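Subject: Handing over a structure

Dear colleague,

I am passing on the structure below, and I would be glad if you kept it open while you read the notes that follow.

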Amino acid sequence: MAKLIITIAPTGSIPTKKNNPNVPISPDEIIQTGIRCEKAGASIIHVHARNPADETASTNFQLFKEIYQGLTQETNLIIQISTGGRAGMEYEKRSERLTLKPEMASLTTGSVNFPSSVYANGPDLIKSLAMDMKTQGIKPEIEIFDVSMIQNAIDLADQDLMALPLHFDFVMGLKGAIPATIENLVHLKNSIPGNATWTVAGIGANQLPMAVHAISMGGHARVGLEDCIYFRKGELASNEQLVKRIVQVSEIMGREIASPDEARKILGLRPQMK
Ligand code: ZN
């Protein structure tokens with residue numbers, strides 16, 4: 001079984017310091033969190049930006065640039081920039097940050113109802129973002145909120161809009177998206193091409209159990225305050241604490257942890273220009 005790739009999703013678009021004081025908001029806080037999480041065992045960081053003034057999700061290119069440059073200088077982490085639309089749905093805003101040419105970026109291949117909004121990703125938008133990533137050598141992490149999104153991604157690959165092998169992230173347990181059950185995880189895993197890699201992001205209390213299933217099934221794991229602000233019931237988490245726990249569980253289960261460079265090989269990322 002390949003070594004385990006741990007992705008840290010430290011910020012997202014939703015939780016604020018009021019919810020959990022450990023949520024990093026400013027570029028410097030996100031960079032410092034990245035440093036600590038790399039030490040703890042993460043090899044990928046999934047990046048969102050926030051407006052430092054009011055903590056809301058931001059599409060500001062300068063913020064993404066500052067975070068990207070800081071993480072590149074201070075860590076060896078694989079930087080995966082979110083093209084998610086909670087901060088703004090327009091294609092231009094979501095694609096601008098790809099000009100930083102991160103090694104990876106997230107790409108959601110369908111629409112889904114979030115608890116109080118529609119996360120709209122129409123066919124043309126998906127195609128345009130996929131094309132941007134392909135031409136710039138950015139590996140997409142395909143965000144799967146429902147089974148149909150897998151077929152959409154395979155269709156894009158068939159149209160030569162995505163480099164192979166594909167890499168998926170199963171986002172499970174978010175209200176409106178696929179429920180976090182073992183049966184659903186097995187079905188998702190069996191629905192992707194045989195040579196594809198996958199990770200799972202369990203939302204809320206699903207984070208730990210879904211990560212444990214992934215460790216035993218040969219998948220990879222994403223943790224972080226974007227997906228769950230608690231360490232256990234009633235106890236707030238820090239990002240590095242969530243990474244450390246997955247490292248401990250994986251070691252107990254006999255699966256080694258991938259370094260960032262080992263993760264680059266497993267995922268087939270473009271050669272480093274550093
Ligand atoms: Zn995200």
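This is a predicted model: local features need pLDDT of at least 70, side-chain atom pairs count only at pLDDT 80 or more; totals for chains, interfaces and linings use all residues.

Residues are numbered from 1 along each chain as its sequence is written, and side-chain values use heavy atoms, with hydrogens and water left out.

Arg 245 has its place in helix α8, which covers residues 239–252; helices (H or I, at least four residues) and strands (E, at least two) are DSSP runs, numbered from the N terminus. With a relative accessible area of 15%, Arg 245 is buried, a word that means under 20% relative accessible area, whereas exposed means over 50% and partly exposed lies in between (1.4 Å probe, protein chains only). Although Arg 245 and Ala 40 are 205 residues apart along the chain, their C-alpha atoms are separated by 9.2 Å.

Which residues coordinate the zinc ion? They are His 46 (NE2), His 48 (NE2) and Glu 226 (OE), at 2.0 to 2.1 Å, and along the chain these donors follow the spacing H-x1-H-x177-E. Donors are N, O and S atoms within 2.8 Å of the metal (3.2 Å for Na, K and Ca), and water is not among the atoms, so sites may look incomplete. His 46 is buried at 3% relative accessibility and His 48 is buried at 12%, while Glu 226, at 23%, counts as partly exposed.

A search of the whole structure finds eleven salt bridges, each being a side-chain nitrogen of Lys or Arg within 4 Å of a carboxyl oxygen of Asp or Glu. In one of them, Arg 36 pairs with Glu 240, the closest N and O atoms being 2.8 Å apart. Arg 36 lies in helix α1 (residues 27–40) and Glu 240 in helix α8, so the pair ties together parts that are 204 residues apart in sequence. Glu 226 forms a salt bridge with Arg 222, with 3.3 Å between the closest N and O atoms, and Arg 222 is buried at 4% relative accessible area. Another salt bridge joins Arg 232 and Glu 235, whose closest N and O atoms are 2.6 Å apart. Through shared partners, salt bridges join Asp 169, Arg 222, Glu 226 and Asp 227 into one network.

Finally, the backbone deserves a look. A cis peptide bond, with omega of about -5°, joins Leu 164 and Pro 165, and Pro 165 sits in the loop between α5 (148–158) and β10 (167–172). Asp 160 lies in the loop between α5 and β10 and has a positive phi of about 65° although it is not a glycine.
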